[in-house]
Amino acid sequence: MQKKNGKNGRKKRSPVLMVLAVLAAGILLLAVLMLFFPYLNPFPSLNPLNADVIALENSDADNITLLNDYMTDRYTTVIYPQGKERISAELDNVRQIPDPEAKLDEIFVWEMKDWVNPNDNLSAVICPNTACTYEFLENDHTRAKASPYYDGILYPQKNPNGTLYADDPYWIAYNRVGECREYSALFAFMAQESGIESHLVRTYSHQWVEVELANGSYYYDPWCADANGYYNATDGNMTFRDKWFNSIGTFEENCRPPDPYPISYTGFPYVWATPKYLAASGWYALGKGLNVTLPG
């Protein structure tokens, strides 16, 4: 007779080990999601805004749907045409500038003018519903920011072509309301359209621009200028320009991003950003230690 669960029988798998294996697989999946989709929150219930969505009454859900419909119509008739007009006018100016760095600076000054970052002043914006799917300026209800918390969850705010408003340069150029994502999306688009190769670079909670110049790769981070008080649009002082525009090896030291790693590009080759920035930072640190100047 075959013994069951004995010394000579078939060993039972430990339920503890099985649970740990499942948890490990889940953590690995989460890490992949965070790396390639930084703005996708895998734990919506942990976010108070998304918790509101889960608890919404039918009337509020209707409000969100109607608001999205209103924004789609407004995008087609007002936001896109006026945003395109502003972008076209600025590109006409930028394309007349021969020096690539001067082009980038012109785009930066143009972008920063009349910009509102809700994180700088929460009282400057109001929400039309409990889920806060959009944040409207308190003193100008024609300008708004689309909440990024709904990109991959519920009620995504997209233009008629399927592009999220937070990534749409025409939406951003018209509204001029946002944080690092909006800053960088518009700047990268303008740089690319002016003839300078640019890439969007992101971590889980930050996004900036990387540009390719004749002598190497540089970061250009408008959010860095704003969040760290390096630039004030009212006086246009560029004294601290090398803080928000410099070689990539200096990025972490100058801009102090919320979470510096892992870094990914939004386009191919994606994950190459992490080793690239790590190597550049190490090379820069070595140069400082030896008191010599080394490339970024």
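The model is a predicted one, in which local features need pLDDT of at least 70 and side-chain atom pairs count only at pLDDT 80 or more, while totals for chains, interfaces and linings use all residues. Residues are numbered from 1 along each chain as its sequence is written, and side-chain values use heavy atoms, with hydrogens and water left out.

Rings of Phe, Tyr and Trp (its six-membered ring) pair if their centres lie within 6.5 Å; planes under 30 degrees apart count as stacked, over 60 as edge-to-face and the rest as tilted. The ring centres of Y230 and F240 are 6.3 Å apart and the planes stand at 35°, so this pair is tilted. Both residues lie in the loop between α7 (222-227) and α8 (241-244), so the pair ties together parts ten residues apart in sequence. Helices here are DSSP runs of H or I of at least four residues, strands are runs of E of at least two, and both are numbered from the N terminus. F240 counts as partly exposed, at 42% relative accessibility.

How are the planes of Y231 and W244 arranged? They stand at 75°, with the ring centres 5.7 Å apart, so the pair is edge-to-face. Y231 is in the loop between α7 and α8 and W244 in helix α8, 13 residues apart. Y231 is buried at 9%, and W244 is buried at 0%.

I turn now to the sheets. An open sheet of five strands runs in the order β7-β6-β5-β4-β8, with antiparallel pairing; two strands pair if DSSP finds at least two bridges between them. β7 (245-247) and β8 (264-265) stand at the edges with a single partner strand each, so one side of each has no neighbour in the sheet. Five bridges join β4 (residues 198-202) to β5 (residues 207-213), and H199 has E210 in β5 as its bridge partner.

Helix α4 (residues 100-112) packs on this sheet and touches β5, β6 (216-220) and β7, contact meaning heavy atoms within 4.5 Å. Its direction makes about 155° with that of β5; axes are lines fitted to C-alpha atoms, for helices over the stretch in contact, and angles run from 0 to 180 degrees between N-to-C directions. Helix α6 (residues 180-193) lies across β4, β5 and β6, at about 20° to β5.

Key
Buried < 20%, exposed > 50% of the residue type's maximum accessible area, 1.4 Å probe, protein only.
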